[in-house]
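Trainee: Could you take me through one part of this model closely? I'd like a single chain, and then how it meets its neighbour.

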Number of protein chains: 4
Amino acid sequence: MDVDEKYFNNISQRERAIFEGGITMGALFHQFDGTPVNLKSVESLENAIKEAMELQPCVDKVDVIINREMLEDIENKFDYTSLNGNMLDVRVVSVYRDSKSVIRMKFIEELDYPLMYLEEVE
Amino acid sequence: MDVDEKYFNNISQRERAIFEGGITMGALFHQFDGTPVNLKSVESLENAIKEAMELQPCVDKVDVIINREMLEDIENKFDYTSLNGNMLDVRVVSVYRDSKSVIRMKFIEELDYPLMYLEEVE
Amino acid sequence: MDVDEKYFNNISQRERAIFEGGITMGALFHQFDGTPVNLKSVESLENAIKEAMELQPCVDKVDVIINREMLEDIENKFDYTSLNGNMLDVRVVSVYRDSKSVIRMKFIEELDYPLMYLEEVE
Amino acid sequence: MDVDEKYFNNISQRERAIFEGGITMGALFHQFDGTPVNLKSVESLENAIKEAMELQPCVDKVDVIINREMLEDIENKFDYTSLNGNMLDVRVVSVYRDSKSVIRMKFIEELDYPLMYLEEVE
């Protein structure tokens, strides 16, 4: 079966890249939100998020930065916190044939919300 | 701040609906995958998934059906299983201004995979 | 196979209730943390958490309250937030034969942390 | 505040180790279940799970093995699958003062279920 022909012939190449990139960003947030994290473990978590999410369809590259300042501010006696979306700065590059999208998620202070949007789209 | 003007002026209305619908479908899968479920609890889970995911930006309606046959087949002695994507049949309707997308996720036997695709797009 | 005899004969009935209750509390937190929620959806989420987690081995009853005040304080323009552990007040009653444990999770202000502990143990 | 004195004086040292180990095992399963994984990414995921879960209270050591044979069997065209509990073999060592517990989770074929139990308890 040609999946692209059968299931995706109603959208353009550009729309396909946008769609798959959006799926991956939503997936990333909700899979890893809540994971215990501190300055010691943060790098292994960033790396696992990157490698896991790069497996998704049409995803070419994922870069994840977890905010170190927010980890330095942990004040509870247990010395770690739960990952939340406000700590994440992520870029997902999705490619379908000749079209490429760069999806960004970052915390926008004015919105008090981790916004997902298209940083680049071709 | 006009979020749409500032962050989304590089994509069309139709692309925006596709993008937001994709995010929500990825989020839904990865938030609820793994939840304990059986025939007794399944309706409350479908309902919570629906109500939670309808809160996402541009999402107008979410319909979730969890496969009862797969729940009837549970054979372990604990009488429940973990929700996995293969059990899910979901429709997410996302709307941005005059554009509407219907995103579908369902298990495709030939692919052995729960595929996400655009069932309708205007 | 007698699971209890084969796998649990090295702990007391009381310890078994404590063990299973602890598992369920850890599971609950990490399954649902990150779920979109607001005042409109909160009841369906509480109900789904309760019904899902009551399926776990030895778990007799789960009561979940999500903090409404924290939901009233949502100030972003999207009118919902992500569930986090600080919003949760949960009681898990686990029973094994003659032993009963009541596990509690609640946010402790002094600790700035959602603590899990034994509220009652018999 | 002395947390141990205030919240945990109703259980023994041994029970505390069992309780905290159980929490961590439940948390681990439900945090990471559903993560995209294949043979290429599996090591980074095992490592992140280990480092994240070792942050939990009283947890001394976590060892995680994801079943490679199950990853080799992936037959869908997307070349990855979602992590599920049946693929996991985990040991959590929890210590409270003089007491140590080793919690194990592994798939038990007879039960068709990933069982969590005490492998050692002192």
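Mentor: Start with charge: chain A carries 13 positive and 25 negative side chains, and the centres of those two sets sit 3 Å apart. Keep in mind that this is a predicted model.

Now the fold. Chain A has four helices and six strands, and walking along the sequence you get the pattern α-α-β-α-β-α-β-β-β-β. Its C-alpha atoms fill a box of roughly 55 × 35 × 15 Å along the principal axes. Of the 122 residues in chain A, 60% are buried, with under 20% relative accessible area. If you take the contacts between residues at least 6 apart in sequence, 54% of them link residues at least 24 apart.

The size of an interface is often given as the accessible area lost when the parts come together. For chain D and chain A, the buried area is about 2,000 Å², with 63% coming from carbon and sulfur atoms. On chain D's side, Gln31(D), Pro36(D) and Leu55(D) provide 30% of the area that chain D buries against chain A, more than any other three residues. The contact involves 24 residues from chain D and 24 from chain A.

Notes:
Residues are numbered from 1 along each chain as its sequence is written. Chains are lettered from A and ligands numbered from 1 in the order in which they are written. This is a predicted model: local features need pLDDT of at least 70, side-chain atom pairs count only at pLDDT 80 or more; totals for chains, interfaces and linings use all residues. Side-chain values use heavy atoms; hydrogens and water are left out. Helices (H or I, at least four residues) and strands (E, at least two) are DSSP runs, numbered from the N terminus. Buried means under 20% relative accessible area, exposed over 50%, partly exposed in between (1.4 Å probe, protein chains only). Contact means heavy atoms within 4.5 Å. Lys and Arg count as positive and Asp and Glu as negative; His and the chain ends are not counted. The place of a charge is taken as NZ of Lys, CZ of Arg, CG of Asp or CD of Glu. Buried area is the accessible area (1.4 Å probe) that two parts lose on being put together, summed over both.
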